[in-house]
Amino acid sequence: MNVKYMYSFLAVIVLFLIAYVGTEAVGLQWLFGVLIPYAALLVFVIGFGRRVMSWARSAVPFRIPTTCGQQKTLPWIRPNSIDNPTTTGAVAVRMFLEIVTFRSLFRNTRMKAKADGRITYQLELFLWLGALAFHYAFATVLVRHLRFFMEPVPVPIKLIETLDAFFQFGLPVVYLSGVVLAAAVLYLALRRVFIPTVRYISLANDFFPLFLIFGIAFTGILMRYFAKVDIVGIKALTMGLVTFSFPESEVLKGISGLFYGHLFFVSVLLAYFPFSKLMHLGGIFLSPTRNLTTDTRARRHVNPWNYPVKVHTYEEYEDDFREKMVEAGLPVVKSLEAAAAEKE
Amino acid sequence: MKLVERLAANKSTIVKKWFDLVAATYPPDTAKFLKANRDPFHNPVGKTTLEGLSAAFDALLEGADPVVLDRALDPIIRIRAVQSFSPTQATAFILALKPLVRELWSKGPSDPQAAADLRQIEDGIDQVLLVAFDIYLKCRETLFQLKVDLEKNRIHHAFVRAGLVADTPVQPSAAEPKGAV
Amino acid sequence: MKDLPKAKDFYSRLAHRPDSASDWMDVPVEIRKGMYCYAANPKSLDTLGFPYARDWNPVEGDWKLPENWQQIIHEGFKERLERFRSFKVFMDICVRCGACADKCHFFIGTGDPKNMPVLRAELLRSVYRNDFTTFGKLLGRIGGARPMTVDVLKEWWYYMFQCTECRRCSVFCPYGIDTAEITIMGRELLNLLGLNIDWIATPVSNCYMTGNHLGIQPHAYKDMLDFFVDDIEEITGVRVEPSYNRVGADILFITPSGDVFADPGTYTAMGYLILFHYLREKYGFDITWSTYASEGGNFGFFTSHETMKRLNSKMYAEARRLGVKWILGGECGHMWRVITQYMDTMNGPADFLQEPVSPITGTRFENAKSTKMVHIAEFTADLIRHGKLELDKRRNRHLKVTFHDSCNPSRGMGMLEEPRYVIRNVCDHFYDMPENTIREQTFCCGSGAGLNAGENMELRMAGGLPRANAVKYVHEQHGVNMLATICAIDRAALPPLMQYWVPGVDVTGLHEMVANALVLPGEKQRETNLRGEPLEGMEDDSDE
């Protein structure tokens, strides 16, 4: 058994039990429903900000974008302005495609040679699809949850809910995003277990967030479709969190421990976020191989800590080799005589 | 059915098992990569190995002709010669075929003819091993030649720079044969 | 039949390595012969003023490290995190998705899992977590952190010198994480402890003192070019007259010194001489070579940012001293990465030079208006486009050419079409290799970033396997017999690679083929190409 995913899995189970027992048995609804979420949010905001600031504090001494297409040179050669962007606008397009469509992952092509020697290409789509499905489903779920923090619920959110429930089956109507999220997380986790190279490089830090997010999706789905929790009470609590006017303890006590488990998972995710690889959310914007223009030969980039270095000057070089240079008929700045006279 | 015919009929299974054994000479994670990735340009080691084993197996059944075997095995051994295997490790995978053959043989008739058939195939495998060893040595010699050439060039150039090489005009015909450079 | 050995048992005794533990941190590093390069000569380190110059041997247990080496690494690490956002961000954001895992030529060729780019970075990242992150300090091993030990240091050294900084992995990374950056930092840190390899340190020291990696002194540099002048006269009947260190020339030419000293690069150097002579005769082109700035390549780049700057300073210094208008650069790989992404920043601004304009076609090289340095493939492509070169393609018609995109011009610059345009105009037969092995997805020669030594020949052959495999494909499909390239390291590294994997394919620079096709004013009927090989098939046409 692999300790990396076992530990992560156990950690998630334990986290759930803490919240469930803490509320159902010990009665710590205030702690898990109010205090911890606030604290987690605080940690998230401050941690995220600090991490981004710490990146921003580090200098960008050189412009080192990876050029993934033809450079802009002679007017009759068509440049690839997105993959080799020379303007800020083009960089924005490159970044947009990178962030919104995971373009680099999409490059993952596989080639197959047919029996007759011809070559065909096929996209290695699974990782890209899995990643896209995961991120978009997560985003949709997040947006949908805004309904818990707004009264009245704004039209755009209702619209998204309608779209998300497009297939109109199940009762209550099944939201696609939740199902896709759980499935995508499962795929990404299984991939780490079964693809040998990926398993070899995976750390506990890679399994933990996946299991945690799966826990969030799972408890969410349980509450919506099976456990039928006290939705009015929950909304009273969540509205209370944004308006700072909390419902009676009785209402809090009436909410199922399942919900507090769900909320605790979310809190842990928020607090864990700034200290983990999940910070790629912020980091991708700062990646120097993607977010800089490639016009480095046309426009000078300034290094803030550029310092003078020791060099071997031409004068020193000529001093080293003057005789040989003269003998070989190479021009010198100082004649042999002048150099000799200087020495004396 | 004769052993050779049965081997031919079971070729894909045996070659597959054989390939798995060769892949197992790499670290486990790499081995799975070699087996799983079908892209000939991203997994040249896996692709070359599978093709080579298949060709060597055919050659074995057709009488283990050294020239044919050489062509079949060269690509595999060439790769293993640069992958920090010892000489035995680089070539011993040939022997892994023997138990696979015996396993199949043991399921068939055990008359004297069958025993003779087995002996014949095993002799053939020995032949394959010898060819593999020749190729291995040839590859290592090439490697060392490349190293020697590199050093020779460096020293020669150093001599030229030091003015120690006489500039005698060399007739094209008398010049060093191309390829030795 | 129960006595028959089971295939599996039988075979397990012959396995390559003992079953590796499930966790890479438990697999100890083993420095293998043929995979590593010799330690740096202490004299070379002394010349450069590098710390801890000493005799040491990578395969011996004691590396004679300074007492406080862990502190040196820790502080060096910290300093680099502050100086390079790339380093800091790349340490933090990798999600280990595995997209890069099978993109590295060293992983594909050697089968060593620690050559997966992500794992190469994890070698450093694990120490980063331990030293600089709260979670790493708290969770230790389970959080992917480990303390810096001698074994870790040895692992760093072994694998930082099994990376050619080719950046192929960064093309596929969803966050653009660039292993070249990781390797550059790793090597900088190792340099703080005097742990360089000789194939890098000695060229760097040579280049510092004599101006070029090979340590060619000025008179010898001129001698070598004089040999070429004689050879060219013998082949073409025309005597070319290069000039050196000439104050007042229009343009300064800088090319890697490898082309002056090693075949087949020498034929490319002859190609430059012939092209410049042609242009001078026809259009009054005025260019000078320099013995001081006699190296385009920059092994300093494989040492540290500072060393790169120290070596590269000669280019602008010499251009200023000679009073030229702009600089023309020869065919070289990492030289152009340095010029494109570093030179202007570290050695500029080159405000004493003029915005480059081709004196022959009048083309303004606006893409180089700040560095003032033009790539010769751009320059020649422009000449051909304007019909300024008289070319006889037939002299190259025995060639079936494919083009190897060198890593740095493709992924650090984006020069993909210019060389192809030139090849198509000087050769009849051109075939590209399969799509995901060329252009920005090109496979490295396996010998870049200072790894083209002799003692690591096995590593070079294994690392070059993916490239050779693609060449083999076009060799078998189309009968390709010539591998063209615009990099001096390629010209040195690819011939042995071809000899080993694809015999029958030779290696050439772009301008060798240009010069073979170029019809010089007043030349005699050419009977051989620049290599002295008879021109096949030309005999029939000689009366035309």
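**View 1. The contact between chain C and chain A in the predicted model.** In this predicted model, 90 residues of chain C are in contact with 79 residues of chain A. On the side of chain C that touches chain A, helix H15 of chain C (residues 305–322) supplies the largest share, namely seven residues. Sorted by class, the residues on this side of chain C comprise 36 nonpolar, 28 charged and 26 polar ones.

**View 2. Chain A, the partner of chain C in this contact.** Chain A contains 15 helices and two strands, and its C-alpha atoms fill a box of roughly 105 × 60 × 50 Å along the principal axes. The radius of gyration of chain A is 30 Å, whereas a compact globule of 344 residues would have a value near 20 Å. Of the 344 residues of chain A, 36% count as buried, and among its contacts between residues at least 6 apart in sequence, 64% join residues at least 24 apart.

**View 3. The two domains of chain C.** Chain C is divided into domain 1, spanning residues 27–196, and domain 2, spanning residues 204–524, and the C-alpha centres of these two domains of chain C lie 31 Å apart.

**View 4. The side of domain 1 of chain C that touches domain 2 of chain C.** Here 26 residues of domain 1 of chain C are in contact with 30 residues of domain 2 of chain C. The elements that give two or more residues to the domain 1 side are helices H2 (42–48), H5 (105–110), H9 (168–172) and H10 (179–192) of chain C, and H5(C) gives the most, with five residues. By class, this side of domain 1 of chain C has eleven nonpolar, ten polar and five charged residues.

Technical notes:
Residues are numbered from 1 along each chain as its sequence is written. Chains are lettered from A and ligands numbered from 1 in the order in which they are written. This is a predicted model: local features need pLDDT of at least 70, side-chain atom pairs count only at pLDDT 80 or more; totals for chains, interfaces and linings use all residues. Domain bounds come from an automatic or database domain assignment. Two residues are in contact if their C-beta atoms, placed from the backbone, lie within 7 Å. Helices (H or I, at least four residues) and strands (E, at least two) are DSSP runs, numbered from the N terminus. Ala, Val, Leu, Ile, Met, Phe, Trp, Tyr, Cys and Pro count as nonpolar, Asp, Glu, Lys and Arg as charged, and the others, Gly among them, as polar. The radius of gyration is taken over C-alpha atoms; the globule rule is 2.2 Å times the number of residues to the power 0.38. A residue is buried if 20 or more other C-beta atoms lie within 10 Å of its own, exposed if 12 or fewer, and partly exposed in between; C-beta atoms are placed from the backbone.
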